[in-house]
Amino acid sequence: MPSLKDIRAANALINDATAPRVSVWVGGTSGVGKLTIKALAETGASVKIYIVGRKSSEERIKTFTQELNAINPKAEFIWIEGEVSLLAETKRVCEIIKEKEFSIDLLFLSTGYAPLGTREETSEGLEICQSLEYYTRILFTLHLLPLLQKAESPRVVSVLGGGLERFPINTDDIDLKKPGSFSSARGQVQYGHLNSIGLDWLANEYPDVTFMHTWPGWVDTGNVRRGNIDPNSWTGWLIWLVLEPLIKTFSMRDEDSAQRNLFQCTSAAFGGRGVPWKGKPGLSTLQKPDGGLFLVNYKGDCTPNTKNITRLRENAQSKVWAHTQNILEPYL
Ligand SMILES: NC(=O)c1ccc[n+]([C@@H]2O[C@H](COP(=O)([O-])OP(=O)(O)OC[C@H]3O[C@@H](n4cnc5c(N)ncnc54)[C@H](OP(=O)(O)O)[C@@H]3O)[C@@H](O)[C@H]2O)c1
């Protein structure tokens, strides 16, 4: 496990030559994504940062980026408004980015929330959290892959539950649509595991891009309150009386989370490309220091999770990927 001191030392090497020159952040309007954007800007490097988000966050983000520009005038921020839970909107936003950019160094995906509460669908018929945490993330990746492939050390980082693959997933009802299929716990497991399965597929198809599925640990971002939760329900009370106090007590500091995520976005510890790293390299799901998907926890440890990933590859991957392609095909 790299210590926070080592991580800070590695991040201190981020400069105009080593920083992700062009990055796209989906989920950067709050929480872990926003904290990491701040840490990247604070390096002082010359960076162009696209922040994609819904209209309701626009004003907040304008103030935030103005403050960051005062610290780092070399950082350029480009806001793109988009309803990122929708596939059609994801496609539209990607078309805008493709028109503006030739290459992208980093795609950071962190939309979503703990799916506590009842099932709620987007106008496209997908459970909102599943769309945010899986489908639109894969769609952003597929659209932007040609630009990522043109970068020197391209990287896709999806923040959710990397390394936590422990359970079988529902492959008969991948979208948990059948009556009784959806629950908070099943949604949580399903969406996290789908991320690993989908990104593992892409990592094997596109070895010239570094793919990471990370688990941020507990960070006090208000994430557990974002689901479709009646505040007067048992779940509402449980969150208020138990979960939130626990998160407040045991979460890592925002600043530490930001540094750890910045390290994961930039260090050659994951895949060999990026900011030089003299420590032990992380191993991917292929048990290799380069190629394959990197499952990385909040401490910066890689977990190849070989037994569980092999089982998911054998039992679920081809079915999940075929289904994913069916869902995304109209938006590609
Ligand atoms: N925080 C933790 O302790 C923790 C632990 C494990 C896993 N995770 C997962 O890691 C990811 C990042 O976590 P986080 O704490 O940074 O999340 P967060 O701060 O709660 O929010 C992340 C992003 O999701 C967007 N979002 C939420 N609901 C949306 C909706 N209905 N439509 C469109 N956008 C929506 C937010 O947009 P707005 O800013 O516009 O609201 C924000 O950009 C999430 O998927 C989370 O579930 C978090």
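This is a predicted model: local features need pLDDT of at least 70, side-chain atom pairs count only at pLDDT 80 or more; totals for chains, interfaces and linings use all residues.
Local features are given only where pLDDT is at least 70 and side-chain atom pairs only at pLDDT 80 or more, while totals for chains, interfaces and linings use all residues. Residues are numbered from 1 along each chain as its sequence is written, and side-chain values use heavy atoms, with hydrogens and water left out.

Around the ligand there are 28 residues, of which Thr29, Ser30, Ser57, Thr221 and Arg226 come nearest; a residue belongs to this shell if one of its heavy atoms lies within 4 Å of the ligand. Sorted by class, the shell has eleven nonpolar, eleven polar and six charged residues, where Ala, Val, Leu, Ile, Met, Phe, Trp, Tyr, Cys and Pro count as nonpolar, Asp, Glu, Lys and Arg as charged, and the others, Gly among them, as polar. Some of the surroundings can be described atom by atom, as polar contacts (pairs of N or O atoms within 3.5 Å; within protein, one must be able to donate a hydrogen and the other to accept it, and residues adjacent in sequence count only if both atoms are side-chain atoms). The side chain of arginine 54 has an N or O atom 2.9 Å from an oxygen atom of the ligand, and glycine 112 places a backbone N or O atom 3.2 Å from a ligand oxygen. Glutamate 133 has a polar side-chain atom 2.9 Å from an oxygen atom of the ligand. On its own the ligand has 900 Å² of accessible area, and the protein covers 91% of that, as computed by the Shrake-Rupley method with a 1.4 Å probe, where for residues only the protein chains shown count as cover.

The whole structure contains 15 salt bridges, each being a side-chain nitrogen of Lys or Arg within 4 Å of a carboxyl oxygen of Asp or Glu. In one of them, glutamate 255 meets arginine 8, with the closest N and O atoms 3.1 Å apart. Because glutamate 255 lies in helix α8 and arginine 8 in helix α1 (residues 4-11), the pair ties together parts that are 247 residues apart in sequence. Both residues belong to a network of salt bridges that links Arg8, Arg253, Glu255 and Asp256. Another salt bridge joins glutamate 95 and lysine 98 at 4.0 Å, N to O, and these two are separated by about one helical turn because they are three residues apart in helix α4 (residues 87-100).

Definitions and conventions:
Helices (H or I, at least four residues) and strands (E, at least two) are DSSP runs, numbered from the N terminus.
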